[in-house]
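Here are my notes for a first look at this structure. Have the sequence and the model open while you read, and take the points in order.

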Amino acid sequence: MIESFTAPLVMSLEQLKAEVAELLRADELSARRWACEVPGCDGLPYEGWRHHHARAAQRQPSWLWTVWMLLTGRGWGKSRTAAETVREWAKTPGLQIAVVAKNATLVRDICFDSPKSGLLSVIPPEDVAKYNSSLGETTLRLKNGTRIRGFGAETPDNLRGWAFDKAWCDEYGAWSRHTAQEVYDMVWFCLREVDTLQVAISTTPKPLRSPREPRRSQASRDRAGTGPSRPSPSARPRPLRATGPDLPTTTP
């Protein structure tokens, strides 16, 4: 006697495509997760977190902070960390967020369009209402009403008249030494109406001298009789001042 058996379940092509699409979507959502809660996490995958994610040092400070300066070398993940910070801010409906980089091209190509660390790579596409990539008018509008605007740091006038709730300043050390201070001051003027303001600054360490105190050349020091010795502390350039909380800068 041949026992009856149930034929194995066979998916149709449409069902198989739907199953694969669901798995890919789940993997994409998993990859977008950024910060876990494991103390001292090294960011490597583990059970429950299948993809690389934030290291402990890349998480936002747990206290109420005003300026978070990511002053690190290349490859640390500054841009991704700052973009994820903006993404977290942008979850609040109706916010106005400024993103300032060295110039209009870099703010668009790095802060917004970078495939690994730009805002468009970390903010889910379904949250985006409209993206204007025009040079000098880079704007990302989300469906919850939040707007993220990009500005070049060529002149403080680029920011004049705007009002924002949060700001991300990218590669501050690369901004022009002739305008960096004025642009940074203008960022703070744009945040003057905010009760709980926050500014994230991501930059590679780089000496940035005040244009008011240019360093003398070796030839001029030789003519003055000082020789090749290091300038006295009083003659060294001072860190740039700031109208908001002091911005740490490196000096020679």
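1. Helices (H or I, at least four residues) and strands (E, at least two) are DSSP runs here, numbered from the N terminus. Counted that way, the chain has six helices and seven strands. Walk along the sequence and you get the pattern α-β-α-β-α-α-β-β-β-β-α-β-α.

2. A word on ground rules: this is a predicted model, with local features needing pLDDT of at least 70 and side-chain atom pairs counting only at pLDDT 80 or more, while totals for chains, interfaces and linings use all residues. Residues are numbered from 1 along each chain as its sequence is written, and side-chain values use heavy atoms, with hydrogens and water left out.

3. Now the overall picture. Buried means under 20% relative accessible area, exposed means over 50%, and partly exposed is in between (1.4 Å probe, protein chains only). Of the chain's 252 residues, 39% count as buried. Take contacts (heavy atoms within 4.5 Å) between residues at least 6 apart in sequence: 63% of them join residues at least 24 apart.

4. Have a look at helix α3, residues 104–112, where the buried residues are A104, V107, C111 and F112. Viewed down the axis of α3, they fall within an arc of 75°, so they line one face of the helix; the arc is taken from the directions from the helix axis to the C-beta atoms. What covers them? The cover on the buried residues of α3 includes β2 (96–101), α4 (119–122), β3, β4, β5 and β6.

5. Next, the strands. Two strands pair if DSSP finds at least two bridges between them. Strand β3 (residues 128–132) and strand β4 (residues 139–142) run antiparallel and are joined by four bridges; β4 and β5 are also antiparallel, with three bridges. Follow L140 in particular: L140 is the bridge partner of Y131, and the partner of L140 in β5 is I148.

6. The hairpin of β4 and β5 has four residues between its strands, and G145 takes a positive phi near 95°.

7. Which residue other than glycine has a positive phi near 50°? That one is E171, in the loop between β6 and α5 (180–190). Most residues other than glycine have a negative phi. E171 counts as partly exposed, at 25% relative accessibility.

8. On to the rings. Rings of Phe, Tyr and Trp (its six-membered ring) pair if their centres lie within 6.5 Å; planes under 30 degrees apart count as stacked, over 60 as edge-to-face and the rest as tilted. The rule gives nine aromatic pairs. One of them is F151 with F164, edge-to-face at 5.6 Å centre to centre and 80° between the planes. This pair links distant parts of the chain, 13 residues apart: F151 is in strand β5 (residues 147–152), F164 in the loop between β5 and β6 (166–170). F151 is buried at 8% relative accessible area, and F164 is buried at 4%.

9. Y172, W175, Y184 and W188 are linked by ring pairs into a cluster. Elsewhere, R55 lies over the face of W76, 5.2 Å from the ring centre; a charge sits over a ring if NZ of Lys or CZ of Arg is within 6 Å of the ring centre and within 35 degrees of the ring normal.
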